[in-house]
Amino acid sequence: MSATLKAYARRLFPQVAALAVILLMVSLAFPGFFKLEIQNGRLYGSLIDILNRGAPVALLAIGMTVVIATKGIDLSVGAVMAICGAVAAACITSGYGLAATLAITLGTGVLCGLWNGLLVAVLDIQPIIATLVLMVAGRGIAQLVTEGAILTFNDPGLIFIGSGSFLGLPMPVVIWLVFGLAVALVVRRTALGMLIEALGVNRRAAMLSGVSTGVLLIAAYMLSGLCAAIAGIIAAADIRGADANNAGLWLELDAILAVVVGGTSLLGGRFSIAASLIGALIIQAINTGILLSGFPPEFNLIIKAAIIVLILVIQSPRAQSAFVWFSRPRATAAGKAGEEAK
Amino acid sequence: MTFKVALASATILAASFFGTASAADLTVGFSQIGSESGWRAAETTLTKQQAEERGIDLKFADAQQKQENQIKALRSFIAQGVDAILLAPVVATGWDEVLQEAKDAEIPVVLLDRTVDAPDDLYLTAVTSDLVHEGKVAGQWLVDTVAGKDCNVVELQGTTGSSPAIDRKKGFEEALAGHANLKIIRSQTGDFTRTKGKEVMESFLKAEDGGKNICALYAHNDDMAVGAIQAIKEAGLKPGTDILVVSIDAVPDIFQAMAAGEANATVELTPNMAGPAFDALEAYRKDGKAPPKWIQTESKLYTQADDPMKVYEEKKGLGY
C-alpha cells in the first residue's frame with residue numbers, strides 16, 4: 001500500500017511542485033494572495049477564486065483525460081458547453097423545473113458525446129476531425145437555441161449552481177472536486193482504467209484480448225460530453241445567462257493543455273485524472289496571478305505562454321533524463337561519504 | 001385590334017408602374033454582415049422598421065460573416081437595379097471593384113457602422129459612431145459625477161488590440177486628463193464578455209483591499225459591466241453606490257441593472273444607423289446634393305434618471 005502511495009506521490013510531484021512555485025511567485029507579486037476570510041458564510045480570497053474560476057477547465061480536463069488516454073482528443077467540449085448552457089437557459093426560462101432542466105441539459109451533453117463517439121468508434125474517423133465537426137457546428141446550434149441573444153434567467157436554483165456555496169466552498173468547486181473524485185474512483189477501483197489504457201496503447205491488441213473497445217471509446221466521449229455539460233451549466237449559472245458566442249470559447253485548448261501539463265501523453269495510454277486537475281489549477285493560477293499582478297493586458301498571453309513552455313520543458317523526457325544524469329554523481333558522492341563515515 | 005388593346009393597356013400599366021416607382025417608393029438593398037452579436041440583430045430589426053415607416057422596399061441579404069457573400073449580394077442588387085445600397089462591411093479591404101461597379105451603375109452606396117479602405121468617391125457616405133467620443137462621454141459623466149472628489153477608477157477593457165478597446169480607452173483618458181482627482185488604478189481586458197468581466201472584477205476587488213479602494217468602474221461594454229456588477233455584489237459591496245458603474249453600448253440588460261440602482265450610466269451605441277442613412281439618401285435623391293463623407297451618430301448618455309425600465313421595454317423587442 002505504501003509503495004503504491006509512494007508511486008502516486010512520485011507521479012504527481014512535478015505538477016504539485018509547479019503549482020507551488022507559481023503560487024509562491026504570485027504571492028511575491030501580490031502580498032495578500034494567501035489571505036482567506038469568511039464573508040457571507042463562505043470562504044473568500046484569491047485561492048478560492050483559483051479553485052472557483054478553474055472549475056470549467058477542471059471539469060473539461062476530467063473528460064479530456066479519459067478521451068486522450070484512449071489516444072483520442074475532443075475538440076468539441078467548448079462548443080458543447082455553449083450548447084448545454086443555452087439548453088439550460090432555454091429550459092428554465094420556458095418553465096421547466098430545476099430537476100428537469102438539469103436532466104435535459106446533462107442528457108444533451110451525453111448525446112453530443114455519443115455523436116462524437118459514434119463517429120470515432122463506428123465510422124473510424126480520426127478523433128481530431130470527428131470532434132472538429134461539432135466544434136464548428138456547436139456554436140451555431142447554441143445560437144439557434146438562444147436565437148442569437150444572451151438568454152438571461154433568474155431561477156434561484158440554477159443560479160445557486162454557479163454562485164451558491166456548500167460548506168463554505170463555492171458550488172462549482174464542490175462539483176468539480178466531487179465529480180473528479182467519483183470518476184477517478186470508478187476508473188481506478190475497477191479494471192476500467194486499465195482497459196482504457198490498453199485501448200489507448202493499442203486498440204487492435206486490446207480488442208483481440210477481449211476488450212470491447214467500441215463501447216469503451218463511445219463511453220469515453222460520452223463522459224467528455226457529460227463533463228462539458230456540467231461545465232456549461234456552471235458557466236451559464238455564473239453569469240445568469242447563456243452566451244452562445246463566448247461560453248467555453250477556446251476552453252477545449254485549455255483543457256487539452258491541462259491534461260498535457262498534467263503529464264498525460266497525447267499518444268494515449270497511461271493517464272492520471274488527479275494530475276490533470278492539478279494541471280487545470282496551474283493554468284488558472286497563472287491566469288489569476290496575471291490579473292492580480294496588474295501588468296498591462298498586452299502581456300497576459302506572453303506571460304502565460306512563457307510559464308507553460310517552461311513547465312513543459314522541465315517535464316520533457318530529454319530534460320528528465322538530463323536531471324537524472326546531473327543528479328547521479330552527487331548521489332554517488334553522498335553515498336560514498338556515507339560509507340566512509342561508517 | 002386585340003393586339004392594339006393589349007399594347008395600349010401594357011403601356012398604361014408600364015407608365016403607372018414607373019410613375020409610382022419614381023415618386024416615393026425606393027428600393028434599397030441592405031447587405032448585413034450576419035448575426036454576430038445582439039447589437040447587430042437590433043441593427044437589422046431597426047433598419048427593417050425604418051424602411052417600413054418610410055415606405056422603402058428593403059431587400060435584405062445576410063452574409064453570414066463572409067465578404068464573398070456580401071460582394072455577391074451587392075452584385076445581385078446592382079443587377080436588380082435597386083435605387084441605393086446599404087452596406088455593413090465585414091472587413092475593411094477588398095471593396096474597390098464591386099463599389100466601382102455600383103458607381104458605374106449610378107447606384108449610391110451608404111456604409112453602415114464600419115468604414116472601408118477604398119477611395120471615398122466610390123461611396124456616398126458612411127454612417128458610423130465615434131468610438132473615441134463614446135469613451136469621452138463616459139469619462140465626462142464620471143468627472144461631473146464625482147465633482148472634484150478623489151476617485152480611483154478600475155477599467156475593464158475590450159479585447160486587446162480591437163479598435164473599440166483602443167478608442168474607448170483613449171476617449172475616456174482624454175476626458176479624465178487634467179482632473180488629478182480621478183486616477184485609473186487598474187486596467188485589464190475582459191474580452192467584452194460577461195464571464196471575463198466578472199472574473200477580472202473579482203481580481204480587482206481582491207487586489208484593491210476588498211474593493212474599498214475602488215470608487216468607480218469603467219467598462220468598455222455593458223456585458224462586462226453586468227458580469228462585474230455580480231462580482232461586486234458577491235464581494236459584499238453595493239454596485240452603483242459603493243462603486244459607481246459606467247459602461248458603453250446601452251444593451252437592454254444594463255437598463256434593468258440601472259433600474260435596480262446597480263449601474264449608473266451607459267453611453268448608447270445606437271443600432272439605428274439606417275435612419276440617418278435613409279435621411280441622407282432621400283435628401284440626395286431630392287436635390288442631388290451629396291452629404292458629407294461621414295455622418296456621426298449620436299452617442300447618447302443614459303443615467304438612472306432616464307426611466308431605465310421604459311427604455312428597457314423599448315429595447316427588449318429589438319433582438320439584442
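Q: How far apart do the C-alpha centres of domain 1 and domain 2 of chain B lie?
A: They lie 33 Å apart. Domain 1 of chain B covers 26-129 + 271-289, and domain 2 covers 131-269 + 304-316; such bounds come from an automatic or database domain assignment.

Q: Where do the numbers and letters come from, and what kind of model is this?
A: Residues are numbered from 1 along each chain as its sequence is written, while chains are lettered from A and ligands numbered from 1 in the order in which they are written. The model is predicted: local features need pLDDT of at least 70, side-chain atom pairs count only at pLDDT 80 or more, and totals for chains, interfaces and linings use all residues.

Q: Which residues touch the most other members of the largest nonpolar core?
A: A:Leu60, A:Ala61 and A:Ala86 do, in a core of 160 residues. A nonpolar core is a set of buried Ala, Val, Leu, Ile, Met, Phe, Trp, Tyr and Cys residues joined through C-beta atoms within 7 Å. Buried means that 20 or more other C-beta atoms lie within 10 Å of the residue's own, with C-beta atoms placed from the backbone. The largest share of this core, 19 residues, comes from helix α11 (residues 213-239) of chain A. Helices are DSSP runs of H or I of at least four residues, and strands are runs of E of at least two, numbered from the N terminus.

Q: Changing topic: how many residues does each chain bring to the contact?
A: Chain A brings 23 residues and chain B brings 25, a contact being two residues whose C-beta atoms, placed from the backbone, lie within 7 Å. On the side of chain A, α2 (46-53), α11 and α13 (273-293) each supply at least two residues.

Q: Is strand β1 of chain B enclosed or open, and why?
A: Strand β1 (residues 27-32) of chain B is largely enclosed by the rest of the structure, because 5 of its 6 residues are buried.

Q: What does β1(B) pair with over 6 bridges?
A: Its partner there is strand β2 (residues 57-62) of chain B, in the parallel sense; two strands pair if DSSP finds at least two bridges between them. B:Val28 has B:Leu58 as its bridge partner in β2(B). Strand β3 (residues 84-87) of chain B also runs parallel to β1(B), joined by 4 bridges.

Technical notes:
Buried ≥ 20, exposed ≤ 12 C-beta atoms within 10 Å, placed from the backbone.
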